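Welcome! Please have a look at the model below, and then let us walk through a few of its features together.

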Amino acid sequence: MKGLHIAVEDAMVDGLYQGFKVNTLTFSHLCFADDALFIGEWSHANITSTVSILQCFFRVSGLKINIHKSNLFGVGVPFDKVRHLASITGCNAMQPPFSYLGLPIDCNTAKTKSWDPIFHKLSKRLSKWKSSLLSIRGRSTLISSDLGSIGTYYLSLFPMPITVNNKLESSRSNFFWGSDVNSKRISWISWKLSLASKAKGGLGIGSLYSLNHALIQKWCWRFFNNPRALWVQVITAIHGHSEDTSSFFNHVRDQGVLGRIVGSINIMHEKGIVPHSSLKRRVNNGISTKFWTQTWIGNSSLQHQFPRLFRLATNKDCTIRDCWNNGWVLEWSRPINSGTLATHILSLQSLLDTCSLNDSDDTWTWSIGNPSFTVKATREHIDHFVLPDTNYATRWNRFLPKKINIFIWRVLRDHLPTR
């Protein structure tokens, strides 16, 4: 694929191929394993040049591209024109919605119909593992390890509608209590309580709602930790750069993929479940962290903690490393000898005295849980707010089988099929 990349780059330099421009950013192709996606301006010359590049690549490397298995798609182009150029080049004409690498493209994921692939996968798994052939231990294990991770690829990118969540959780609940398409059984305990952690009196299965929002939250972490990634550069070229997590793209209101991701992140912030302040800057060498405008010490930026000092600072864009090299001595537009401002300087200095730098790069990290287990910690954190709890925790006896522990769990709640 590296040879194909060089061929496309040379074609762009010679003016034979025109990539797609997003403000100041231009990108022409994406490669994933043995799959390639060409992105460029819509024109007859551009499309024929793409076919010529693939033919030259075949003659040089011996790797032939099957044009008949390739697809042509036009954004904002009438389908008749797409079909006409596809017939000339020999590839297939494609119109939305369609799937690429297992994800829907140009599809409204707010509609329940868009989640049919997840429902289909779930029904296939339930047809293989008949509830009558498994004990309650086997069913709970299967729900936790398998049925709870079927839609991870979807859930990591698309916020799940509440109707989809209810339908998936209903299927998991019916399977746990031994129901199938032919017979229904009583759900003796609330499914939300079963999803809760053991510390809150549940079985620790975990809800799909929490998993979905935890995976969505990680996009905010990725955005700040990987500023050189291509998708980050595209978003920055369109919407600008978000310097601080306290206002993560609040101006994005569209209903596209990014708009729904931002909406999910901001909803968790507004509800106080996962506030923006939980994503903090971990300062190591201080080279890439702004001293005043980014949150790196305390729950907000120094610009908001000391607004009067920020107005008097001569270098408002300085980094932490610059200030540390100066011995934490800051420059002001006028002398400050006494009064309230002098008290603020003493408070700021007391905060800075506790800081030290090293040679590692600065990173972003969650303040909830271990950063190495971001999704797991965030999922448990969301569970704490959205799932109910009881007055006592669930305690497991590791010397007893799991089905006996679940039986005792039901006995303690007086939910057994007896009179």
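## A nonpolar surface patch

Let us begin at the surface of this predicted model. Seven residues, Tyr392, Leu400, Ile404, Phe407, Ile408, Val411 and Leu412, make up a nonpolar patch there, and their accessible area together comes to about 590 Å².

One of these patch members is Leu400, which sits in the loop between helix H16 (374–386) and helix H17 (402–412). Is Leu400 buried or exposed, or partly exposed? Its relative accessibility is 35%, so Leu400 counts as partly exposed; that class lies between the cut-offs of 20% and 50%.

Now to strand S9, which covers residues 279–282.

Strand S10 (residues 363–366) runs antiparallel to S9, and four bridges join the two. Within S10, Thr365 is the bridge partner of Lys280.

## Domains and overall shape

Stepping back, the protein holds 17 helices and 10 strands. The domain assignment gives domain 1 (1–95), domain 2 (129–279 + 369–418) and domain 3 (284–361). Between the C-alpha centres of domain 2 and domain 3 there are 39 Å.

The C-alpha trace spans about 80 × 75 × 35 Å along its principal axes. Its radius of gyration is 28 Å, while a compact globule of 419 residues would have one near 22 Å. Of the 419 residues, 40% count as buried.

Terms used:
Residues numbered from 1 in each chain as written. Predicted model: local features only at pLDDT ≥ 70, side-chain atom pairs only at ≥ 80, totals over all residues. Heavy atoms only, no water. Domains from an automatic or database assignment. Buried < 20%, exposed > 50% of the residue type's maximum accessible area, 1.4 Å probe, protein only. Pairing = 2+ DSSP bridges. Patch = residues over 30% accessible without salt bridge, like charges linked within 9 Å, V, L, I, M, F, W, Y side chains within 5 Å. Areas by Shrake-Rupley, 256 points an atom, 1.4 Å probe, with all protein chains shown as cover. Salt bridge = Lys/Arg side-chain N within 4 Å of Asp/Glu carboxyl O. Rg over C-alpha atoms; globule rule 2.2 N^0.38 Å.
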